[in-house]
Amino acid sequence: GLSLLGALTYAELGSMFPQAGGLYVYLREAFGKFPAFLYGWSMFFVISSGAVATLAVAFSSYLTQLIPLDMVMARIVSVLMIIVVAVVNVRGVRVSAIMQNWTTGIKVGAILIMGTLLIVLGKGSGDSGSLSTEIGEVNIFSGIALAMVGVLWAYEGWHYVTFSTGETIDPQRTFARAITVGTLALIGIYLFANIAYLVALGPATASQSERIAAEAVSTVIGPAAGNLIAVAILISMFSAANGIMLTATRAYFAMAQDGIFFKKLGEVHPRFKTPAFAVVWSSVWAILLAATGTFEQLFTYVVFAGWLFYALGAASVVILRRTMPDAQRGFRVPLYPFTPILFILASSAIVLNTLISQPERGFVGLGIILLGTPVYFFWLKKSSSAS
């Protein structure tokens with residue numbers, strides 16, 4: 001529900017600013033370059049690069065179910081996956097989009113087939129145990145909010161899609177429809193899959209599984225089928241990394257063109273007509289994070305803070321309704337202002353709960369974001385001197 005509120009809100013912003021950059025552009029237009037830069041800084045060094053690194057490491061981890069890999073080989077596989085994704089995105093938007101369409105189709109098809117089989121054949125296969133209800137002194141609402149950070153990360157495609165609006169055909173008409181329908185479909189697919197896992201494994205076993213899809217299929221159908229699902233999950237992880245690379249690099253491209261990021265990242269490749277340098281350098285950083293394992297600490301510290309920027313993005317709708325009332329809007333968020341306000345309140349609650357419940361993690365994350373402050377003024381001064 002929270003992701004849908006965000007998607008509906010950002011649909012209006014995407015119809016207003018059909019250009020590369022997405023949330024970075026919305027923040028820049030509503031609040032100025034400084035908060036927009038801090039968001040882009042966090043995206044480049046942690047949120048987006050950390051997500052790609054996380055998917056690459058998870059890819060090698062799942063591959064061990066099919067092929068024995070030691071630690072060194074697993075790291076090499078992670079690096080190679082990022083390199084392949086980077087090459088695809090340097091070669092061209094069409095190549096990347098075609099691959100994204102095929103991998104997404106395979107992923108969705110596998111989930112639907114798997115879920116149907118688990119529900120039909122898995123009745124009674126799950127354990128008869130129950131989840132422990134001992135929560136000690138932990139506030140249940142605080143625990144749910146902390147768990148939501150990780151869960152919502154799986155839904156962040158609605159946010160990443162905003163970055164490539166500028167490369168969409170007739171974005172003012174199609175973008176709002178695509179982000180809304182896509183988010184609703186994703187919610188339905190994820191709910192269907194989770195119901196299937198619970199039917200197959202039962203709540204106690206499902207809560208402890210680290211490879212829940214493969215384990216559920218292996219339990220109900222057999223180990224061979226579990227390996228097939230592992231292959232589908234590998235394709236899914238590759239697809240997710242490709243989607244992030246395809247979209248997030250457009251924000252770095254927009255920042256560079258504004259003169260507040262590495263100038264090279266704002267260049268279009270003369271042959272492939274892609275932001276190739278943005279793709280390459282963000283990939284190099286993701287490779288460094290994946291190869292060293294640093295992403296685990298950085299990503300844990302900062303991922304919650306992304307919701308601070310998502311809340312600001314929703315607030316942009318309210319600000320821009322006042323400052324740009326006559327701007328062309330191909331779509332207006334329904335139930336305004338309640339939809340964006342609910343999203344802002346829920347996102348802010350997630351951030352505040354993390355700061356209160358895990359202050360070390362929260363304030364270190366904010367510190368990493370604020371490290372971009374002196375860098376911003378350096379680039380601003382450098383850009384002013386150049387002009």
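**Figure 1. Arg-321 and Glu-12 form a salt bridge.** In this predicted model, the closest N and O atoms of the two residues are 2.8 Å apart. The pair links distant parts of the chain. Arg-321 sits in helix H14, which covers residues 306–323. Glu-12 belongs to helix H1, residues 2–16. Arg-321 has a relative accessible area of 18%. That value is under 20%, so Arg-321 counts as buried. Glu-12 is buried too, with a relative accessible area of 0%.

**Figure 2. Arg-329 also meets Glu-12 in a salt bridge.** Here the N to O distance is 3.1 Å.

**Figure 3. Glu-12, Arg-321 and Arg-329 are linked in a network.** The links in this network are salt bridges. Glu-12 pairs with Arg-321. Glu-12 also pairs with Arg-329. Side chains of opposite charge can pair when their charged atoms come close.

**Figure 4. Arg-28 and Glu-29 form a salt bridge.** Their closest N and O atoms are 3.0 Å apart. Is Arg-28 buried or exposed? Arg-28 is buried, because its relative accessible area is 16%, under the 20% cut-off. Glu-29 has a relative accessible area of 34%. That falls between 20% and 50%, so Glu-29 is partly exposed. The structure holds 5 salt bridges, and the one between Arg-28 and Glu-29 is among them.

How values were computed: Residues are numbered from 1 along each chain as its sequence is written. This is a predicted model: local features need pLDDT of at least 70, side-chain atom pairs count only at pLDDT 80 or more; totals for chains, interfaces and linings use all residues. Side-chain values use heavy atoms; hydrogens and water are left out. A salt bridge is a side-chain nitrogen of Lys or Arg within 4 Å of a carboxyl oxygen of Asp or Glu. Helices (H or I, at least four residues) and strands (E, at least two) are DSSP runs, numbered from the N terminus. Buried means under 20% relative accessible area, exposed over 50%, partly exposed in between (1.4 Å probe, protein chains only).
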